[in-house]
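Good morning, and thank you for coming. I would like to take you through one structure, from its overall layout to a few individual residues. Please have the sequence and the model in view as I speak.

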Amino acid sequence: MNDKYLDRVTSIKRLISEYEEHGSLIVAYEYENTVVLPDAECPEIIALLRKAESLGFILILFTGRNNDEIGEIVLDLNSKRVPFHFINESPHNIPFSNNKVFYNILLDGRAGLSEAKDQLESVIAHILSIKSSNNLEGL
């Protein structure tokens with residue numbers, strides 16, 4: 001394999017390294033076909049986003065919807081208790097700026113959602129395991 005980032009383990013290690021360096025990760029997610037389906041919501045993704053927020057991750061709603069539709073999406077996310085910190089923009093503390101939204105990982109139903117979900121779950125499990133070990137050392 002020539003591109004090391006096509007390797008799942010390498011991608012997870014990179015996310016863990018970025019978390020260790022910055023104390024957080026930036027997770028962008030799409031609304032349609034990720035958080036909600038045409039007639040349903042996606043409880044696994046919603047639970048994952050809540051867990052990510054509980055660890056201090058920054059969450060970006062990254063959608064192609066028109067600006068006049070964003071208010072409706074925000075109301076829906078709030079009613080479902082789906083966390084977000086930014087909408088279609090990078091966090092303000094990113095040391096560079098351009099037109100591309102910056103994130104460490106993207107959850108998108110049209111961009112390898114299953115793989116991204118699995119990788120993020122692995123990273124969160126790793127972080128929780130370390131936090132649990134650290135708590136046990138203090139006993």
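Predicted model: local features only at pLDDT ≥ 70, side-chain atom pairs only at ≥ 80, totals over all residues.

Let me begin with a definition: a residue is called buried when its relative accessible area is under 20%, exposed when it is over 50%, and partly exposed in between, with a 1.4 Å probe and protein chains only. With that in place, consider V35, which is buried, since its relative accessible area is 0%.

Residues are numbered from 1 along each chain as its sequence is written, and side-chain values use heavy atoms, with hydrogens and water left out.

Now to the overall layout. The protein has four helices and six strands; helices (H or I, at least four residues) and strands (E, at least two) are DSSP runs, numbered from the N terminus. In what order do the elements run from the N terminus on? The order is α-β-β-β-α-β-α-β-β-α.

As to dimensions, the C-alpha atoms fill a box of roughly 50 × 40 × 30 Å along the principal axes.

Of the 139 residues, 40% count as buried. The protein exposes about 8500 Å², and carbon and sulfur atoms supply 49% of that area; accessible areas come from the Shrake-Rupley method with a 1.4 Å probe, and for residues only the protein chains shown count as cover. Among contacts with a separation of 6 or more, 72% are between residues 24 or more positions apart.

Let us turn to the interior. In soluble globular proteins, nonpolar side chains tend to be buried together. By a nonpolar core I mean a set of buried Ala, Val, Leu, Ile, Met, Phe, Trp, Tyr and Cys residues joined through side-chain atoms within 4.5 Å. The largest such core here has 31 residues, and those with the most contacts inside it are Y29, V35, L49, F57 and L107. Two or more residues come from each of α1 (8–22), β1 (26–29), α2 (43–54), β4 (58–61), α3 (67–79), β6 (105–107) and α4 (113–137). Which element gives the most to this core? It is α4, with six residues. There is also a second, separate core of eight residues, including I26, A28, I58 and V101.

I now return to V35. This residue is found in the loop between β1 and β2. Leaving aside neighbours within four places in sequence, V35 is in contact with Y29, E30, E41, C42, I45, I46, L49, L77 and V82. V35 and I46 are eleven residues apart in sequence, and their C-alpha atoms are 6.3 Å apart in space.

Next come F57 and I58. F57 lies in the loop between α2 and β4 and counts as buried, at 1% relative accessibility. Apart from residues up to four places away in sequence, its contacts include Y19, A52, L120, I124 and I127. F57 also touches H85, which is 28 residues away in sequence and 9.6 Å away from C-alpha to C-alpha. I58, in turn, lies in strand β4. Its C-alpha atom is separated by 6.1 Å from that of V27, 31 residues apart along the chain. With the same exclusion of residues up to four places away, I58 touches S24, L25, I26, V27, H85, F86 and P91.

Three further residues deserve a remark. S11, in helix α1, counts as buried at 7% relative accessibility; among residues beyond four places in sequence, S11 touches Y5 and Q119. N33 sits in the loop between β1 and β2 (36–37), and its phi is near 65°, a positive value in a residue other than glycine. N33 is partly exposed, with a relative accessible area of 32%. N88, in the loop between β5 (86–87) and β6, has a phi near 55°, again positive in a residue other than glycine. At 27% relative accessibility, N88 counts as partly exposed.

Terms used. Contact = heavy atoms within 4.5 Å.
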